[in-house]
Amino acid sequence: AKIAREQIERIVGGLSPREAEARITQWKDFILQRARVIWLTVPDDGTAYAVFETMNDRGLRLSATDLLKNLLFALSKEAAYASKVQEHWFKMAGTLERTRREDAVLNYVRHFWISSRTKATTNDLYKTIKRNIQDKDAALGFAKQLDESASVYAALLNSDNDYWNPFPPEIKENLRTLNSSLQLVTVRPLILSGIERFKNDHVVMRQFFRSLVNWSVRFLIAGKLGSGALEEQYGDVARKLRKGELKSLKQIREELADVVPPDEAFKNLFRGMTVSQPRLQRYYLRTLEEVKRTELGKGDTEPVKTKHNVDHIMPQSAEKSYRNLPPETIKAYTNRLGNLTLLNAKKNVQLADADYRAKRPIFAQSEVALTADIAQKYELWGPEQIIKRQDELAELAVKAWPIKV
């Protein structure tokens, strides 16, 4: 009854009384007139599992999570095993379902499998596990491992999770960067193995998370993030780390040396980078600002953390101000990082699509060092200046995201 009440509250949430009544009526009609529950009575569990898989094979597609659960339960039919496997599975699933993340259980099982066993895509995960786990002892062992590490994976999804409280605060910040600014998923198998290996050494843990951010930014700018090849590379390192073949951050760094762009390559890639996603624009500029302030001896990073918008110095609709430039040139340069800067949100709105002559005095008064620097160095603004400034930012980028922490 409680679950049903909560579901109805979700269905009608935000609706007017009349809209809510109409929506509930639709559900009532569906349940009374169209929904069917089919109950099959079978002589034993083995037959039940056979029916389960037959339904899946004949077109009533079940989720990969349902299939995995069924596989482990089917292998552990003996009472002594069945109760333990079910207990481990339901504890694991409950831990992850509380995160309210879609597909959290499936993603966790896959990332844990990659971290500890072999590579596996979402589509072939069930077949891979079925091929490798074939008896009750293996099923129980895997279910137990999933249960034991579920709380760690749940913590990976939320940087405010209490799990991180004993660790240095920088770890929370770097995890927030991985989840929110970079929105990385491929790195999670490596994080699982890294926590298992380094959790008792807080200094190394801090360096590990910072290194993951730095390497991931380099991957992202090189265009490698999200690719199957990168996930496979992270997975290989994760398994070696878990098995003890790699034991230090230095060894991990050496293992990734062939795929993490070195300084000169990273700098060149950064020079030509275009960034269209606002979350990445903000993250790159804020991080570069911190490095700039450090170089100027301004330790206070509050101007970076306070409310600032990303300003396109040459506006996205710049045809009036730049009539000498063809539209395709304007389009090519507006999202270059060299054309972006942080500006107080109110002033950014006030300036709107103003040209550089109107913006320069405001930039000069900005508390953001990178923004004030623009006004000091450049009297005019166009493609030539954008290229030059992005070269300057590339020099800072090597310091902002070093390979070695």
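Tutor: Let us begin with a rule: rings of Phe, Tyr and Trp pair if their centres lie within 6.5 Å. Please keep in mind that this is a predicted model. With that rule, Tyr-163, Trp-164, Phe-167, Phe-198, Phe-208 and Phe-209 form one aromatic cluster, and a search of the whole structure finds 21 aromatic pairs.

Student: Why is the pair of Tyr-283 and Tyr-284 called tilted?

Tutor: The ring centres of Tyr-283 and Tyr-284 are 5.9 Å apart and their planes stand at 50 degrees. Planes under 30 degrees apart count as stacked and those over 60 as edge-to-face, with the rest called tilted, so the pair is tilted.

Student: What makes the pair of Tyr-284 and Trp-401 edge-to-face?

Tutor: For Tyr-284 and Trp-401 the angle between the planes is 85 degrees, with 5.7 Å from centre to centre, and an angle over 60 counts as edge-to-face. This pair links distant parts of the chain, since Tyr-284 belongs to helix α15 (residues 278-295) while Trp-401 is in the segment after α21 (383-400), 117 residues apart.

Student: How do you know whether Tyr-283, Tyr-284 and Trp-401 are buried or exposed?

Tutor: Buried means under 20% relative accessible area. Tyr-283 has 9% and is therefore buried, Tyr-284 has 2% and is buried too, and Trp-401, with a value of 0%, is likewise buried.

Student: Why is Asp-373 called buried?

Tutor: The relative accessible area of Asp-373 is 14%, and the label applies to values under 20%, so Asp-373 is buried. Asp-373 lies in helix α20 (residues 369-377).

Student: Which residues are in contact with Asp-373, leaving aside its neighbours within four places in sequence?

Tutor: They are Lys-292 and Glu-392, where contact means heavy atoms within 4.5 Å. As for Lys-84, it is 289 residues from Asp-373 in sequence and 64 Å away in space, C-alpha to C-alpha.

Student: How do you know where empty space is left?

Tutor: Rolling a probe the size of a water molecule over the atoms shows where empty space is left. In this model, about 600 Å³ of space lies in the largest pocket. Of the 18 residues that line the largest pocket, the closest to its centre are Glu-173, Thr-177, Tyr-283, Thr-287 and Glu-290. Helix α9 (169-181) is among the elements that each supply at least two lining residues, and α9 gives the most, with seven.

Student: How many residues of each class are in the lining of the largest pocket?

Tutor: The lining of the largest pocket has three nonpolar, five polar and 10 charged residues, where Asp, Glu, Lys and Arg count as charged. In the second largest pocket, with a volume of about 260 Å³, the lining divides into seven nonpolar, one polar and six charged residues.

Methods:
Residues are numbered from 1 along each chain as its sequence is written. This is a predicted model: local features need pLDDT of at least 70, side-chain atom pairs count only at pLDDT 80 or more; totals for chains, interfaces and linings use all residues. Side-chain values use heavy atoms; hydrogens and water are left out. Helices (H or I, at least four residues) and strands (E, at least two) are DSSP runs, numbered from the N terminus. Buried means under 20% relative accessible area, exposed over 50%, partly exposed in between (1.4 Å probe, protein chains only). Rings of Phe, Tyr and Trp (its six-membered ring) pair if their centres lie within 6.5 Å; planes under 30 degrees apart count as stacked, over 60 as edge-to-face and the rest as tilted. On a 1 Å grid over the protein atoms alone, a cavity is a set of points where a 1.4 Å probe fits but cannot get out, and a pocket is an open set with protein on both sides within 12 Å along at least five of seven lines; lining residues have an atom within 4 Å of a point. Grid points are joined across faces, edges and corners, and a volume is the space filled by probe spheres set on the points.
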